[in-house]
Amino acid sequence: MTFPVDLLETLVAARSVAVLTGAGVSKESGIPTFREAQTGLWAQYDPMQLATPAAFLRDPALVWNWYQWRRDLVAKCEPNAGHQALVEIEGMFEVVSLIKQNVEGFHRRASSHKVIEVHGNIMRSKRFSDNVLVEAWDESDEVPPRCPATGDMLRPDVVWFGESLPAGSLEQAIAAAANCDVFFSLGTSGEVQPAASLPLQAVRGGGILVEINPQETPISRHAQYVLNGPSGAVLPELVRALRNGD
Ligand code: OAD
């Protein structure tokens, strides 16, 4: 891919970069997205039956087993070249904030450090009653398992529809967006608030918005640069272009 010269110049001059990632960045790792027709999880399953507190109370075993299926998939997959490129990007600018919506933990597995987690992590579990994280429990046939200390039901540590984001994470993400020179929106449909408003906050704060996505999204029309393609290919090429100065 040939990148616009002024985009490369903007990046060379940038001090502070914020990145918002969505399900698209892990698609090339084999993890399905949510809203793509046919293949997206929410095209195949009803989120109101699987990803709300009420759904869990209605049928905790169904919800736990569905997330267990997704955990098993994550355990079999690996971060891809896009995740690796973001690790390199972390070393290229003075300030980098990686705001991630994905729950599978690939950015940390790839060794990104400056991660702001806004939707939780599917590999962690917490008590349904009070959100306290629980690391280990007795394996039994009970589904979902229970906290060994209190007997409360466990649930995955992900943000469900209708729930607030983890304390402090939204404030951190807004500050990163509002103060960056360049904001990358990568592999997200821009359909889920409040994360979807971050690219606009960056633009309002004077940041240059760059989108990488094979499809047009509601974010595209606000972006100065739209790079149409898969992040696993476009991001490594962008890093290479910046390193080579071409
Ligand atoms: P979506 O499924 O809504 O959007 C995925 C986006 O990735 C789409 O715009 C695709 O065009 C794009 N895409 C597909 N393949 C790509 C690739 N190889 N490279 C780059 N982009 C690609 O996923 P999100 O926007 O992440 O919430 O969804 C936001 C939230 O909704 C998720 O975090 C999840 C879900 O409910 C929680 O898990 C709490």
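The model is predicted: local features need pLDDT of at least 70, side-chain atom pairs count only at pLDDT 80 or more, and totals for chains, interfaces and linings use all residues. Residues are numbered from 1 along each chain as its sequence is written, and side-chain values use heavy atoms, with hydrogens and water left out.

**Ligand site**

- A polar backbone atom of R35 lies 2.7 Å from a ligand oxygen.
- The side chain of W42 places an N or O atom 2.9 Å from an oxygen of the ligand.
- A ligand nitrogen is 3.4 Å from a polar backbone atom of G24.
- The protein buries 94% of the 800 Å² that the ligand exposes when taken alone. Areas come from the Shrake-Rupley method with a 1.4 Å probe.

**Nonpolar cores**

- The largest nonpolar core has 28 residues. Such a core is a set of buried Ala, Val, Leu, Ile, Met, Phe, Trp, Tyr and Cys residues joined through side-chain atoms within 4.5 Å. Buried means under 20% relative accessible area (1.4 Å probe, protein chains only).
- L11, F184 and L186 touch the most other members.
- Elements giving two or more residues include helix 1 (5-13), strand 7 (182-186) and helix 10 (231-244). Helices (H or I, at least four residues) and strands (E, at least two) are DSSP runs, numbered from the N terminus.
- Helix 10 gives the largest share, six residues.
- Beyond neighbours within four places in sequence, L186 is in contact (heavy atoms within 4.5 Å) with residues including V19, L86, I212 and L235.
- Another core, of 18 residues, lies apart; W42, L50, V103 and F106 are among them.

**P144**

- P144 sits in the loop between strand 5 (133-134) and strand 6 (154-158).
- P144 has a relative accessible area of 3%, so it is buried.
- Sequence neighbours within four places aside, P144 is in contact with F56, P60, A61, W64, M153 and L154.

**E117**

- E117 lies in strand 3 (residues 115-117).
- At 14% relative accessible area, E117 is buried.
- The side chains of E117 and R124 make a polar contact of 2.6 Å. A polar contact is a pair of N or O atoms within 3.5 Å; within protein, one must be able to donate a hydrogen and the other to accept it, and residues adjacent in sequence count only if both atoms are side-chain atoms.

Definitions and conventions. Buried means under 20% relative accessible area, exposed over 50%, partly exposed in between (1.4 Å probe, protein chains only).
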